[in-house]
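Visitor: I'd like a close look at one part of this protein, please. Could you walk me through the charged pairs and then show me what surrounds them?

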Amino acid sequence: MFASLVLGVEGERPAKALDRLANGGLAARGEDGTWRATPERFRELLRRLADPPAPLSEEERLLRTFLVDGRLRTMPMRREKRLVVLRYMRGCRAGCATRRTST
């Protein structure tokens, strides 16, 4: 039902289902009597129910800065950071190539 409102699919909609969506804040009736979805409420509910993201270690944060989709975008200038990236790449050499080709 919610999907049909989001997609704008025309057709008969049971009043009871629309009332349930409205009570949950997922649908609203316009002044002209037409129903519309309220996806912002859906997003809000999803955020509330979602698990918080796991905290990243310093190394993971650094790798996300320089690697995008498993590819090195830029080499760190600072030696300490560069060593972290190079260690990751050395340890990943065989494993990453296998994972990349299997997807």
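How many residues apart are glutamate 44 and arginine 48 in helix α3?

Guide: Keep in mind that this is a predicted model. Glutamate 44 and arginine 48 sit 4 residues apart in helix α3, so about one helical turn separates them. Their side chains form a salt bridge, with the closest N and O atoms 3.0 Å apart. Arginine 48 has a relative accessible area of 56%, and because anything over 50% counts as exposed, that is its label.

Glutamate 44 has another partner as well: it forms a salt bridge with arginine 41, and here the closest N and O atoms are 2.8 Å apart. This pair also lies in helix α3, which covers residues 39-49, with a spacing of 3 residues, again about one turn of the helix. Glutamate 44 itself is partly exposed, at 37% relative accessible area, and arginine 41 is partly exposed too, at 24%.

Now slide along to helix α4, residues 58-66, where glutamate 58 and arginine 61 are 3 residues apart, about one turn of the helix. Their side chains meet in a salt bridge at 2.7 Å, N to O. Glutamate 58 is exposed at 56% relative accessibility, while arginine 61 is partly exposed at 43%.

The largest nonpolar core has 8 residues: Phe2, Leu5, Leu18, Leu21, Leu26, Ala27, Trp35 and Ala37. At least two residues of this core come from each of α1 (2-7), α2 (15-23) and β2 (35-37). Leucine 5 is a handy place to start browsing: leaving aside neighbours within four places in sequence, its contacts are Arg13, Leu18, Leu21, Ala27, Trp35, Arg36 and Ala37. There is also a second, separate core of 6 residues, including Leu62, Leu63, Phe66 and Val84.

Leu72, Met75, Leu83, Leu86, Tyr88 and Met89 make a nonpolar patch of about 450 Å². Helix α5, residues 79-102, gives the largest share of the patch, 4 residues. Tyrosine 88 lies in that helix and is partly exposed, with a relative accessible area of 33%.

Technical notes: Residues numbered from 1 in each chain as written. Predicted model: local features only at pLDDT ≥ 70, side-chain atom pairs only at ≥ 80, totals over all residues. Heavy atoms only, no water. Core = buried A, V, L, I, M, F, W, Y, C linked by side-chain atoms within 4.5 Å. Buried < 20%, exposed > 50% of the residue type's maximum accessible area, 1.4 Å probe, protein only. Contact = heavy atoms within 4.5 Å. Patch = residues over 30% accessible without salt bridge, like charges linked within 9 Å, V, L, I, M, F, W, Y side chains within 5 Å. Areas by Shrake-Rupley, 256 points an atom, 1.4 Å probe, with all protein chains shown as cover. Salt bridge = Lys/Arg side-chain N within 4 Å of Asp/Glu carboxyl O.
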